[in-house]
Structure formats: C-alpha cells, structure tokens
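Please read it alongside the sequence and the structure.

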Amino acid sequence: MSATPGAVSREEVEEYAASATEAEASLNAAKADANRTAVDLKYSVVRAPISGRIDRAMVSKGALLTGGTGSGTLLTKIVDEQPMYVYFDVDERSLLRYMHKRTDSRNTDPGSLRELGIDCYVQLADEKDFPHEGKLDFAESEVNTSTGTARLRGVFENKDDALSSGLFVRVRVPASDPYQALLIPERALATDQSVKYVYVVGDDGIATRRTVELGPQRGDMRIVSSGLKAGEHVIVKGLQRVRPGQKVEATSESEKIATNSNREPVSR
C-alpha cells in the first residue's frame, strides 16, 4: 500500500487541533485580561461628585490603596464653599422675642424658614461691619435643654470666596422692621457706673450732662433709644475736661474734618 503525498497521521491531526484550541483559549483569556485591565484603569480615575476647594494629597505615588466606603484609603478632601453654610446658636430670649413677633402673621406666613427669606449678615474677625449677606434656611425643631439655645443655619452664595470653611464669624439677624434711628459716635459716650451719658452743648454754649439709653452698635456709631433729639450737639472729644454747666467753645466735627482734609498733602 503506497502512502498519499502530504498526508499526516490521525494522531498528528488531533495534536494540531488541540494546539489550535489551546491557542484560541489563550487568546480569549488575554482579551478578557485586557478588558479587565481597561475596567480597572477606568476606575483608577477618581472623579469628585462635587466641585470646591481641594486639600493636599493624603497618599504618594506608588502607595497601596484599599477600596470601600468605610475602610477605604483617604486620598484627599474637597470642601464645597459655594454656597457656604454658617451654623450659629440663638439664645432662648431672642427666640421667644421672634416667636412673639411672628404670632400675628403665623397664619399667613409660609411654614418653611427658607420660604420666609429672612436676611442674615456675617462679619469676619478682621471686619468692622457685616458685609456678607445671606438667608436663613434651617432651624432646629427644639431648644437644647442643656444650653438653652436653638441652632440655626444661614446660607451664603460666597461668589467672591470671602468665606472659608472653619472660620469663626459673628452673625447678625434683624429682629425688627427697618426704622429711623438716632446714632452718635461711640467715643461720645461716658460711663458713670452702669449709667451711660453724654454732654450736650446748647445754643448758649453750656455743656449739660444727659443720661441716654442705648441700642445696638453700628460700626463706630451707637444707636440712642432715648435721651437725645435729632439736631442736638454732643461733645465727642475732650470729655475728661468737661464739667456739667461749664461754658465750652465747641467746634463742629464736620467742619473740623473738612478743615483737616483741606490741609492734608496730596500723595502722588
């Protein structure tokens, strides 16, 4: 029996077929490994769900990381500062005063504090006024029995990034409707134990001591609730040399300021 040219034995065919199947399986495994690596690479790019100010990197290149929400490795921290939330406590008396004021309009006003649109103002440690304006949007449902205070929250747009997370601030919340008030410089006030008074100069130039009741402070000025009338002249400088009933030669503060400003050299 003669052999057919180019023919191979059945054993060789089966061996070649097994090698091809093995090579195909290796190719599929490599493709699966490539796909798994692509998925791992995709998840290795960490995207923050919020925008804001980012802290330093907590790990260095090459460090071993672990996943998970509870025990995962902390990479860094991001603080969302637009808007900025300011938390502060209100004493019980202020809260009661506000509740009494709202009694008449409770049936018509919105129930949500956010819908009321109450203004609040913030002052930083190096500021003299309250230039940052926001709105109250949250209040605790009960008063803390340990401190006698209720926690409120104000929200500020913070477009100029003037407010930073963790700062201590002073908060002002208007407790009444706007009204006309009489203000005098803080330096015009003198103290006799617990009594506040000023010296008023009459048309005859005689200084008279006048007891006054004060309201809140507005920058360098103080609101006078009673004891003075609009248009009266008070002494703001040299209080130590003034005695009740003494005739004084007073100069208007506005005229003095104008004179000084005219005499000051102009910087170029």
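This is a predicted model: local features need pLDDT of at least 70, side-chain atom pairs count only at pLDDT 80 or more; totals for chains, interfaces and linings use all residues.

Isoleucine 78 lies in strand E2 (residues 78-79), where strands are DSSP runs of E with at least two residues, numbered from the N terminus. Isoleucine 78 counts as partly exposed because its relative accessibility is 31%, given that buried means under 20% relative accessible area, exposed over 50%, and partly exposed in between.

## Basis of the values

Residues are numbered from 1 along each chain as its sequence is written. Local features need pLDDT of at least 70 and side-chain atom pairs count only at pLDDT 80 or more, while totals for chains, interfaces and linings use all residues, and side-chain values use heavy atoms, with hydrogens and water left out.

## The five-stranded sheet

An open sheet of 5 strands, with antiparallel pairing, has the order E3-E6-E5-E4-E7; two strands pair if DSSP finds at least two bridges between them. Strand E3 (84-91) and strand E7 (170-172) stand at the edges with a single partner strand each, so one side of each is left without a neighbour in the sheet.

Strand E4 (residues 119-123) pairs with E7 in the antiparallel sense over 3 bridges, and glutamine 123 stands opposite arginine 170 in E7.

## Pairing around E13

Strand E13 (residues 221-226) pairs in the antiparallel sense with strand E8 (residues 182-185) over 4 bridges, with proline 185 opposite methionine 221. Strand E12 (residues 213-218) also pairs with E13 in the antiparallel sense over 4 bridges, and E12 and E13 form a hairpin with 2 residues between them, in whose turn glycine 219 has a positive phi of about 65 degrees.

## Backbone features in loops

The peptide bond from glutamine 82 to proline 83 is cis, with omega near 5 degrees, and proline 83 lies in the loop between E2 and E3.

Aspartate 161, in the loop between strand E6 (149-156) and E7, has a positive phi near 55 degrees. Glutamine 193 has a positive phi of about 60 degrees although it is not a glycine, and glutamine 193 is exposed, with a relative accessible area of 76%.

Methods: Buried means under 20% relative accessible area, exposed over 50%, partly exposed in between (1.4 Å probe, protein chains only).
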